[in-house]
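Open the model in a viewer and keep the selection panel at hand. The stops below say what to select next and what is there.

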Amino acid sequence: MGDPAERLESEGLDSGAVVKTDDLCMEIDPPFQENVATAEDWRKALNRVVPAVVVLRTTATRSFDTESAAASYATGFIVDKCRGIILTNRHVVKPGPVVAEAMFLNREEVPVHPIYRDPVHDFGFFRYDPGAIQFLNYEEIPLAPEGACVGLEIRVVGNDSGEKVSILAGTLARLDRDAPHYKKYVVEYLDGYNDFNTFYMQAASGTKGGSSGSPVIDWQGRAVALNAGSKSSSASAFFLPLERVVRALRFLQKGSETYVDKWKAVSIPRGTLQVTFLHKGFDETRRLGLKSETEQIVRQASPSGETGMLVVDSVVPGGPGYKHLEPGDVLVRVNGEVITQFLKLETLLDDSVSKNIELQIERGGTSKSLTLLVQDLHSITPDYFLEVSGAVIHPLSYQQARNFRFHCSLVYVAEPGYMLFRAGVPRHAIIKKFAGEEISCLEELITFLSKLSRGARVPLEYISYMDRHRRKHVLVTVDRHEWYAPPQIYTRDNSTGLWIAKPAFQLDSPFLSSGAKDVENLSRQPISLTVEHACAGHVCEDNNQEFVDGVTNMETNCEDPSECASHHNASDGMIKKRRVEEDLSADGSVVTDFSLNDTRETKLDKSSVIEDDMLMDFQGATAAAANASVAERVIEPTLVMFEHGTNADSGFRMVFKLFRWDVQVFVPPSCMLDGVHSQHFFGTGVIIYHSQDMGLVVVDKNTVAISASDVMLSFAAFPVEIPGEVVFLHPVHNYALISYDPSALGPVGGSVVRAAELLPEPALRRGDSVYLVGLSRSLQATSRKSVVTNPYAALTIGSADSPRYRATNMEVIELDTDFGSTFSGVLTDELGRVQAIWGSFSTQLKFGCSTSEDHQFVRGIPIYAISQVLDKIVSGANGPPLLINGVKRPMPLLRILEVELYPTLLSKARSFGLSDDWIQALVKKDPVRRQVLRVRGCLAGSKAENLLEQGDMVLAINKEPVTCFRDIENACQALDKLNSTDGKLHMTIFRQGREVELLVGTNVRDGNGTARAINWCGCIVQDPHPAVRALGFLPEEGHGVYVARWCHGSPVHRYGLYALQWIVEINGKPTPNLDAFVDVTKELEHGEFVRVRTIHLNGKPRVLTLKQDLHYWPTWELRFDPNSAMWHRNIIKGLNCST
């Protein structure tokens, strides 16, 4: 089955481990031929060969079939100089979209385009323009498969280990080695490309990564084999014989006499029975049941030295050989001719495409004759795919059908992208059912998708090769925002080597609508959650997620809503009971009316009776929870679970294992901004406002990190799952506000869900008793009584390797009991009034210089900061409007001193020279904390920059002593109340032994977060977010174009323009901000080489060049529109369009 160290030799390709099996061979090789070459012969041969060997730099722009999107180096060599044909390996040419360049010995570079990749064997061809090579004399390398023999001294000339030219010596030791297995085995299944139905050659040449496609030459300068792979645990290298390569090259040469701009597509006949054969020795075939008389016939009809016969190893379901041939069958004759070699069998199949052939086999000592139809191998090799929401879906290829033992042409997920990843569909899944309809081909899936509108949620069933006998059921949510381009179908053009995209849907498809109306419709279509959907049982692996959608049974412990009124329930401040009036409109929607009457009156009809019964059930469950605390019963109707996306690397390992799923948040890979380190988060939030028009939930920013997110809310008080929208991200404090549409809860849900009562004052003190109330795995409220040990704990969180939000200038609450790092919720008094959010914080633990690990912990976030912002939203703020549930609401602006501070004990401040008078004044102001705030640093680009210095002690603002972060915030708010025009604080600073009076500017920030991003050549650029500015550095040349992410298989991946740096110039033109960047990039053409100047976070400048590829990577912009509350995607520069 293969050796753990066998690998493909393209530099940058992954080489997974395989299960080791017996790799010994006692077969007799062809006779040794004496090698009489001299050193001078080799020198002359290498002088001819080396100029014809090229370095191939390839980029797979999309995941497809057996290959992932990636960039790699490999080798090729010229086999036809006139026509410009380069021979290399199939795994270099790639089965899917690829962009490649060839670099010759003198460093001349030319683009190359694929013209053929064999469906089975590891060889393929690129073409180039011979006229583009002007300064190098070279000749093509002749192919001589007949020259290979055991004992032949050879040289492997290639790009070994990434070096441009390496020459490795060896001696051919075997010509009949089994085809090597490169990819890993998982539960008896292969995953990825492997050659089969051919022999390989073996030599101890010691080749490494990058030498794939190297010519294996003899002393005459002829290529006798093609280097393909090696074994890392030894010096063994594996070479592909060239007989089938020569045949394919002859077909290609018939298509054209010289190089032409548009290559004439050539059909190379390839036939198959969808059967894998192995060559077994005669002893083994006898054990399999081969009769002795048959063996004698075979030996007499075969060349001398024949050592065995072909035996069936596997049969692909649904293929021509399925249910006719079985593993262990020994092949005797084909069309009456004895066949014992792969080459003769393959020649016969290729010459018999779409014809019947006669097979004679022996099975367990019984001779059988079969008539089978030879299938066209190209017909089961996909040449098109659907790209939707980042997913790549295409018919299952013969390669993967053989690996997974599925029928060819099933609907195969090569890359799940965002929409399918969010639903939990893994890579390599086979889609069997979609929107309730059976799916047998990709065209059917496209038809059903085209009928869906944005935000629609439909069931999907799939199977996986890991668990092939059971279907998995998930719920797919169509993207509401325009995270990705509209669905497209890419089809391979064999004339140009490009994959041509066209729209997958008609223009009138609901899928292509703008989304604003669809979101409104979606919010009124809640998803009810029932007991059948359990939290447990979610299986995950690497980045492949397999789980059953849903949550556990929800039993509520809420009291009657009328007994739990909150001052943020949009009431008149008095306790009211609700009268639910239901009027079924023509479209079936339910209209809910809230009355101020003291008694509940209900208009009864069939639907209202059912809903009232449901309400009684939920209230009955509350009464049953007799052991629940008052805080538990009061808070439960206000709790909400989030899920917002898990780590892209770890997949769904923790999904459905923690109770914190009240809120689920998913971040599309196309807009992972602000250094966000995961695609999926989950946590618990609490409802702080609930009216007929708007509901607001507060949650920590370790759950909702950025505004470019999809949020799903699950309510503890009622089994429903509805979408939410990020409406406010506090620029300093660790919380975000999420809005939802209360009408989506329905009359019953709206009557049991309510807002919590907030208690910002008095602030918690040391020794106060609190109740920590959160949600269990079954969405049941759980409370734990505790005592406050430190209400003023100052956070100190270091910057991560990739800067992301970290809580600064915050005092948090610590309790006397450690409840673990996963239990989140709220801190309340005994009456259930919320005094703090028990939220999650993210940090990064660093081990040594190069190792780090993400870590999270929970602390209490005082409610005062949340209450202040909420009051502004409800009463009407002075900021820009934002559309929330169809109503434009002004959102608050916050005045902030953009300085990172930390507390120092007064005893230490005295050692730095702080006077006794100031120490007494600070103690008098705050006898509990006994501290002074010091400056750690100013945010780059802030108005405080260059005024405050590191180590400054902040003594007073406007002559009032300052001892805590809240004093700073209050001083900033006072400026707004005074309508200050300059926005400056009069600060008293202690610096280097003396007092300094300064006027320090403040900055006004909104709660939108990053609302604009641009994707150029596969890198995502944005304005530098606060976590980057907090490092204290912005390039003087321009700091508005910060590279936040890059995409695999893109030009920036290929040329090394990675994240954590600024683009300050393009072709000598400054790019100080995103608008200037757009203006410059719009002028660049497809295929143009671009000179880019960058500056890294560490201040190091760099200049690089890259080639723009508008065919696969158009320039586009993602921007949030507050007027529609939607993220829109616009093409800035494409192959045939620009805006």
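Is arginine 895 buried or exposed? Arginine 895 is buried, with a relative accessible area of 17%; buried means under 20% relative accessible area, exposed over 50% and partly exposed in between, with a 1.4 Å probe and protein chains only.

Before going on, note the ground rules. This is a predicted model, in which local features need pLDDT of at least 70 and side-chain atom pairs count only at pLDDT 80 or more, while totals for chains, interfaces and linings use all residues. Residues are numbered from 1 along each chain as its sequence is written, and side-chain values use heavy atoms, with hydrogens and water left out.

**Whole chain**

Show the cartoon: the chain has 20 helices and 69 strands. Both are DSSP runs numbered from the N terminus, helices being H or I with at least four residues and strands E with at least two. Of the 1139 residues, 60% are buried. Among contacts (heavy atoms within 4.5 Å) between residues at least 6 apart in sequence, 68% join residues at least 24 apart.

**Salt bridges**

Aspartate 976 forms a salt bridge with arginine 895, and the closest N and O atoms are 2.9 Å apart; the rule asks for a side-chain nitrogen of Lys or Arg within 4 Å of a carboxyl oxygen of Asp or Glu. Aspartate 976 belongs to helix 17 (residues 965-977) and arginine 895 to strand 53 (residues 894-896), so the pair ties together parts that are 81 residues apart in sequence. Aspartate 976 is partly exposed, at 31% relative accessibility.

Next, select Asp118, Arg244, Arg247, Arg270, Glu346 and Asp350, which salt bridges with shared partners join into one network.

Then go to arginine 427 and glutamate 415, a salt bridge with its closest N and O atoms 2.6 Å apart. Arginine 427 is in the loop between helix 8 (419-423) and strand 27 (430-434), and glutamate 415 is in strand 26 (residues 411-415), so the pair ties together parts twelve residues apart in sequence. Both arginine 427 and glutamate 415 are buried. The count of salt bridges comes to 54.

**Strand 64**

Select residues 1061-1066. Five of the six residues of strand 64 are buried, so the strand is largely enclosed by the rest of the structure. Which strand do five bridges join to strand 64? The partner is strand 66 (residues 1089-1096), running antiparallel; strands pair if DSSP finds at least two bridges between them. Here glutamate 1065 has arginine 1093 as its bridge partner.

Strands 64 and 65 form a hairpin with two residues between them, and asparagine 1067 in the turn has a positive phi of about 55°.

**Rings**

Select tyrosine 116 and phenylalanine 123: this aromatic pair is tilted, with 6.1 Å centre to centre and 45° between the planes. Rings of Phe, Tyr and Trp (its six-membered ring) pair if their centres lie within 6.5 Å; planes under 30 degrees apart count as stacked, over 60 as edge-to-face and the rest as tilted. Phenylalanine 123 is buried, with a relative accessible area of 1%.

Last, select arginine 966 and tyrosine 864. The charged end of arginine 966 sits over the ring of tyrosine 864, 3.7 Å from its centre; the rule needs NZ of Lys or CZ of Arg within 6 Å of the ring centre and within 35 degrees of the ring normal.
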